[in-house]
Amino acid sequence: MAQESPQDAYLRWPATIVTVFWVLCVQVVIVATWQLLSLVKNDRIFTEASLKWVDAIVWAIAAAWLVLVGVFLYVGFNADDPGLPLLLFLLTVGVTVLGLLMVVMRALLRQATTLRTDLEAVI
């Protein structure tokens with residue numbers, strides 16, 4: 001990167017750190033999803049244990065979104081052409097939709113867990 005664009009050489013390490021952070025966030029989502037699938041397999045998805053894994057997914061998406069918005073703003077204010085800011089905007093919208101969907105799914109899981117607990121108490 002430094003050889004191709006010497007004027008952007010100072011961004012080499014920040015770009016590497018941001019990329020590693022996003023990979024870490026994706027790995028957290030993958031591990032949490034794996035754990036949720038294990039809970040589904042063991043018929044324990046409607047327990048409090050599943051909520052901590054869903055929370056991990058929500059927090060990882062929120063952290064990645066926050067850094068993505070920062071990168072989008074930095075690139076948007078310093079860009080010469082609209083290509084990369086537009087791409088980052090679309091990516092930000094996609095991550096926003098994914099995050100909001102996970103918040104809704106978390107609320108549904110909490111409600112289903114409460115209903116199942118109430119049903120088991122009645123039976």
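This is a short chat about a predicted model of one protein chain.

Colleague: What does the secondary structure come to?

Modeller: The protein chain has three helices and zero strands, where helices (H or I, at least four residues) and strands (E, at least two) are DSSP runs numbered from the N terminus. Residues are numbered from 1 along the chain as its sequence is written. Because the model is predicted, local features need pLDDT of at least 70 and side-chain atom pairs count only at pLDDT 80 or more, while totals for chains, interfaces and linings use all residues, and side-chain values use heavy atoms, with hydrogens and water left out.

Colleague: And what box do the C-alpha atoms fill?

Modeller: Along the principal axes the box is roughly 70 × 20 × 15 Å.

Colleague: Switching topic, which residues have the most contacts inside the largest nonpolar core?

Modeller: Those are Leu36, Ile45, Val54, Ile57, Ile61, Met102 and Leu109, in a core of 15 residues; a nonpolar core is a set of buried (under 20% relative accessible area, 1.4 Å probe, protein chains only) Ala, Val, Leu, Ile, Met, Phe, Trp, Tyr and Cys residues joined through side-chain atoms within 4.5 Å.

Colleague: Which helix gives the largest share?

Modeller: H2 does, with seven residues, although H1 (12-41), H2 (48-78) and H3 (83-122) each supply at least two.

Colleague: What does Val54 touch, leaving aside neighbours within four places in sequence?

Modeller: Val54 is in contact with Leu36, Met102, Arg106 and Leu109, contact meaning heavy atoms within 4.5 Å.

Colleague: Where do the buried residues of H3 pack?

Modeller: They pack against H2, and among them are Leu88, Val95, Met102 and Leu109.

Terms used. Buried < 20%, exposed > 50% of the residue type's maximum accessible area, 1.4 Å probe, protein only.
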